[in-house]
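Good morning, colleagues, and thank you for your attention.

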Amino acid sequence: MSEEKKIHITAEPQAIPSNCLFRVDRSLHVGSLYVSNKEWAQTWSPLAAALFDALEDLKGVRVSGTEVLISMASVPRDWREVARTGGSTIRDFLDQSSEVFKPGAIEALEGHDLMRNKAQVIIDDTLNPGLASHGGWVEIQASDNKDLFISMGGGCQGCGSAAMT
């Protein structure tokens, strides 16, 4: 593979210690989609399925634009190993395929993943455009069944109205 086509991926620990964000040098998916059901991933998301197979304690995968956020069921003792395995799995997958989600995947979502993805659409379409005018944004960082955990960034950090948002 030539240097021009080599896939560049960086791994970044997150504020939630069971999460790690991978940034990829190419677009993976328009919008954001979260998957926590390994069986669903086998049918609808080849990338998520590959990550579930490679990472033993994987709780969920969010693909958004050029990013892949993995959430582990518990905090890894050594994130470096998880990051190497996750990055290698993403790279190997992208070397073979570009179909991160199969057609109809969004319509096939169910359960808590469906709820989380509907909440993300509301955040992306309704909340974030208004926050962007102040330099801010919100994203779902984790979920536990019906509970969603968000982070606020940009201009939202330190803003007196953040709690009301």
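I shall describe the sheet, then the pairing of its strands, and finally the helices.

Please note at the outset that this is a predicted model. Let us begin with the sheet. Five strands make up an open sheet, and their order across it is E1-E2-E5-E4-E3, with antiparallel pairing. At the edges lie strand E1, residues 9-13, and strand E3, residues 29-35, each of which pairs on one side only. Neighbouring strands of the sheet are turned against each other by 15° on average, direction ignored.

Now to the pairs themselves. E1 is joined to strand E2, residues 19-24, by five bridges, and the two run antiparallel. Here, Glu 12 stands opposite Leu 21 in E2.

Which residue in E4 is the bridge partner of His 29? The partner is Gly 65.

E4 also pairs with E5, in the antiparallel sense, over six bridges. Within this pair, Val 61 is found opposite Ile 70 in E5.

Helix H5, residues 111-132, lies across E3 and E4, and runs at about 145° to E3.

Thank you; I welcome your questions.

Technical notes. Residues are numbered from 1 along each chain as its sequence is written. This is a predicted model: local features need pLDDT of at least 70, side-chain atom pairs count only at pLDDT 80 or more; totals for chains, interfaces and linings use all residues. Side-chain values use heavy atoms; hydrogens and water are left out. Two strands pair if DSSP finds at least two bridges between them. Helices (H or I, at least four residues) and strands (E, at least two) are DSSP runs, numbered from the N terminus. Axes are lines fitted to C-alpha atoms, for helices over the stretch in contact, and angles run from 0 to 180 degrees between N-to-C directions. Contact means heavy atoms within 4.5 Å.
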